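Trainee: Could we go through this structure together, setting each value against the definition behind it?

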Amino acid sequence: MEKTNNFQHLAANTTPIWQHQNHQQQQQQIERNIPTVHPATSFDARADADALHKAMKGLGTDEKALMAILCHRSNGQRVLISQAYKSGYGKDLESKLKSELSGNFERVMVSLCLSTADFMAREMYEAMAGLGTDDEALVEVLCSSTNQEIREMNAAYLRAYGHSMEKDIIGDTSGTFKMVLVSLVQGGRDENESGLDEHKIRSDTQRLYQAGEARLGTDESAFNSILATRSWAHLRHVMAEYQLMFGKSLEKAVMSEFSGNAEKVLLGILQCAVNRNAYFAQRLRDSMKGLGTNNRTLIRLIVGHWDTDLGNIQQEYEKKFLRSLAADVVDETSGDYRRALMALLGSKNYLQ
C-alpha cells in the first residue's frame with residue numbers, strides 16, 4: 001500500500017540526526033525562544049477592556065481596534081483583560097466577540113481570549129468531538145508538549161468539560177495509537193537533557209531492534225515505553241546509535257513496523273526529538289499547501305506559539321522552504337483574518 005501521509009513525508013525528508021554534530025545538538029537545547037509579539041509596556045487591563053467594549057458598542061465593530069489590543073498583548077495580559085471585561089461589563093469577552101464577528105477572524109480573536117492551556121484543551125476537545133477524530137491534531141499537540149503544558153492542559157480540560165482528556169482519548173482512539181496517546185497525556189517524559197546514560201542508550205537501541213526488525217511481528221509496547229517516556233536528548237542518541245548499529249534509521253524502522261495513526265504518532269515523537277521547531281514548520285506548510293487551507297491547524301500553530309517560540313519556527317520555515325511563513329500566510333488568507341495572523345507573526349504593516 002502506498003504511504004502518503006504527512007508524517008511519512010516528514011521522516012523521509014529529514015536529515016538523519018546522526019549526521020548532525022554534537023555541538024549542534026547542544027545548541028538546539030539552549031536555543032533562546034523568540035516570540036513574535038512581546039508584552040505591552042505600561043499595561044492596563046481595565047483600559048484595554050474599556051477599549052474593547054467601545055470597539056464593539058453600537059452598530060458595527062471596529063476590527064482594527066480589536067486587533068490593536070488582542071494581537072499585541074501577552075498570554076497573561078490577555079487573560080487579565082478577559083477578567084477585567086467580565087467584571088466591568090457583566091459578560092464574557094469571548095461571548096461578545098462571537099456575537100460581533102464571524103468566520104476565521106472570529107476564531108482567531110476568540111482564541112486570543114483564552115489562556116494557552118484553555119485554548120489547547122479546547123483544541124483537543126474539538127479534535128475528538130462529534131463524528132470523526134482529527135488524529136493529526138492529537139498527534140501534534142501531545143507529541144510536542146512539555147510535561148507542564150500537558151498538566152495544565154489536563155486541568156483546563158477537566159474544568160471545561162467535567163471529565164478527563166484521557167477519558168475522551170480512550171473513547172475516540174484504539175489500538176497502538178490509543179496506547180501511545182494515553183502514555184503521552186500522563187505528562188511523564190523525562191525532561192533531563194543532560195547526564196545521559198550510555199548503557200541505557202545502547203540497551204534501548206537494542207530493545208527497539210529486538211521489538212521490531214529482529215522478530216516476526218512487533219512488540220508495540222516496547223516502542224511505546226521508550227518513545228513516550230525518554231528525554232529528547234536520549235531519543236536523539238538512540239536514533240544515532242540505531243543507525244550505527246543496524247545501518248538503518250529508526251524512522252524507517254518505525255515506518256516498516258507500523259502503519260496508520262500508530263506510525264504517525266511515533267514518527268511525530270521522533271521528529272520532535274530531532275527538531276521541534278522544524279516539526280512545527282512542516283505542520284504549518286502542510287496546512288497551507290495543496291487545494292484549500294487547513295485553517296484550524298494554521299490558527300492553532302500561530303495562536304499557540306506567537307508569544308513563546310513562533311520566531312524560532314519562522315526561522316526554521318524559511319530555512320526549510322526557502323520562503324517566509326508570512327508570505328505563505330498572505331497567499332492563503334484574506335481580509336481581517338489575514339491581518340490578525342500577520343499581526344501575530346510580528347508584522348508592523350499588518351493592516352495593509
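**Helix packing and salt bridges**

Mentor: Helix α7 (residues 103-111) and helix α21 (residues 335-344) pack at an angle of about 35°, with their axes 8 Å apart; the axes are lines fitted to C-alpha atoms over the stretch in contact, and angles run from 0 to 180 degrees between N-to-C directions. This is a predicted model, in which local features need pLDDT of at least 70 and side-chain atom pairs pLDDT 80 or more, while totals for chains, interfaces and linings use all residues. Residues are numbered from 1 along each chain as its sequence is written, and side-chain values use heavy atoms, without hydrogens and water.

Trainee: What makes R122 and E94 a salt bridge?

Mentor: A salt bridge needs a side-chain nitrogen of Lys or Arg within 4 Å of a carboxyl oxygen of Asp or Glu, and the closest N and O atoms of R122 and E94 are 2.9 Å apart, so the pair qualifies. R122 lies in helix α8 (residues 116-128) and E94 in helix α6 (residues 93-100), so the pair ties together parts that are 28 residues apart in sequence.

Trainee: Why is E94 called buried, and why is R122 called partly exposed?

Mentor: Buried means under 20% relative accessible area, exposed over 50%, and partly exposed in between (1.4 Å probe, protein chains only). E94 has 18% and is therefore buried, whereas R122, with 22%, is partly exposed.

Trainee: How do you know that R296 and E123 form a salt bridge?

Mentor: Their N to O distance is 3.9 Å, so the pair meets the salt-bridge definition. R296 is partly exposed at 30% relative accessibility, while E123 is buried at 3%.

Note on methods. Helix = DSSP H or I, 4+ residues; strand = E, 2+ residues; numbered from the N terminus.
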